[in-house]
Amino acid sequence: MFIRNERSIKEFMQYYPIVSTIVVINLFLWLIRNLLGLQIGWDIYQWGIGSNFLIEMGEYWRLVTPIFLHADLMHVLFNSFSLVLFGPALEQMLGKYKFLLAYLGTGIIANIATYFLEPLSYVHLGASGAVFGLFGIYAFMAFFRKNLIDHGSSQIVLTILGISLLMTFLRSNINVYAHLFGLIGGLAIAPLILSKVEPYSPWRNIRKSRYQEDDSIQFNPNRWNNKRRIPTALRKNIFWIILGVLVIFGLLSRL
């Protein structure tokens with residue numbers, strides 16, 4: 001379920017448009033504020049960051065907007081990579097709209113818990129609550145809907161979830177309530193959103209891809225004659241190459 005076998009970033013985006021859109025938004029907002037330092041980036045940051053005091057004053061959109069904002073490069077990379085790894089299987093199983101509802105819903109639950117349980121002076125941002133919400137849905141499958149997840153994937157999820165929970169309490173500057181209640185939110189909504197879903201299958205994507213390719217032949221039978229200027233191996237893995245470069249830059253920035 002968690003091994004990516006898409007042939008290109010374009011194919012990944014075709015199969016998983018919601019995951020792709022969220023990752024693009026996360027990276028774009030980090031880019032315009034942190035890397036480019038544009039004023040509009042800082043304006044969006046100030047308008048959208050989670051502030052319990054401003055929520056108390058009636059700015060309830062701040063229960064949603066912090067899900068897309070991140071503090072630094074490693075923060076946005078970690079949450080975006082987690083979404084790329086664990087989001088696609090759920091998006092295929094649930095469908096675009098139910099997946100978006102689950103992601104935003106658990107993120108909002110996490111932020112509501114932060115509002116009620118942290119002091120009014122507390123300020124927060126990040127998609128960790130929503131990511132833990134996805135973990136909650138997977139955990140529910142691992143314990144109660146074993147027909148939807150294979151044993152190997154179940155062990156991977158539970159192991160990573162256990163490590164993530166441990167790090168939640170060991171590391172500083174972590175929104176503990178967001179992590180816990182995002183997880184609880186995922187467990188709570190899982191019985192509803194997992195009704196009448198089928199297990200993840202990479203073959204479903206392959207069949208869809210072949211259908212699209214066969215359909216495109218009708219309109220452009222000579223498309224294979226077109227020269228490709230980018231080597232195939234590079235073109236297929238360009239997303240992971242870019243992500244790796246960003247991670248390296250992030251690590252170097254911490255030195």
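User: In which helix does F116 lie?

Analyst: F116 belongs to helix α6. Please note that the model is predicted.

User: Is F116 buried or exposed?

Analyst: Exposure is judged from relative accessible area, and a value over 50% counts as exposed. F116 has a relative accessible area of 63%, so this residue is exposed.

User: How should I read the packing of helix α5 and helix α6?

Analyst: Begin with the axes, then turn to the residues. Helix α5 covers residues 73-94 and helix α6 covers residues 96-117; their axes cross at roughly 130 degrees and come within 7 Å. Because of that angle, α5 is oblique to α6. Their crossing is right-handed. From α5, the contact involves L83, G87, L90, E91 and L94, and from α6 it involves K96, K98, F99, A102 and Y103. Sorted by class, these comprise 6 nonpolar, 1 polar and 3 charged residues.

User: At what angle do helix α7 and helix α8 pack?

Analyst: The angle between α7 (residues 128-144) and α8 (residues 151-170) is about 135 degrees, and their axes are 10 Å apart. The angle therefore makes α7 oblique to α8. The crossing of this pair is left-handed.

User: Which residues of α7 meet α8?

Analyst: On the α7 side they are F132, F135, Y138, A139, A142 and F143; their partners in α8 are S154, V157, L158, I160, L161, S164, L165 and T168. The contact of α7 with α8 consists of 11 nonpolar and 3 polar residues, with no charged ones.

User: Why does the distance between the ends of helix α2 agree with its number of residues?

Analyst: A helix can be checked by comparing its expected span with the distance between its ends. Helix α2 (residues 17-35) has 19 residues, so at 1.5 Å a residue it should span 27 Å; the C-alpha atoms at its ends are 25 Å apart, which agrees.

User: Which residues of α2 are buried?

Analyst: An α-helix has 3.6 residues a turn, so residues three or four places apart point the same way. In α2 the buried residues are I18, V19, S20, I22, V23, N26, L29, W30, I32 and R33. These buried residues pack against α1 (9-15), α3 (39-48), α5 and α6.

User: What follows α2?

Analyst: G37 follows α2, and its phi is positive, near 65 degrees.

Conventions. Residues numbered from 1 in each chain as written. Predicted model: local features only at pLDDT ≥ 70, side-chain atom pairs only at ≥ 80, totals over all residues. Heavy atoms only, no water. Axes fitted to C-alpha atoms, helices over the stretch in contact; angles between N-to-C directions. Helix = DSSP H or I, 4+ residues; strand = E, 2+ residues; numbered from the N terminus. Parallel < 35°, antiparallel > 145°, perpendicular 65-115°, else oblique. Left-handed = near helix turned anticlockwise from the far one by under 90°. Contact = heavy atoms within 4.5 Å. Nonpolar A, V, L, I, M, F, W, Y, C, P; charged D, E, K, R; others polar. Expected span 1.5 Å × (residues − 1). Buried < 20%, exposed > 50% of the residue type's maximum accessible area, 1.4 Å probe, protein only.
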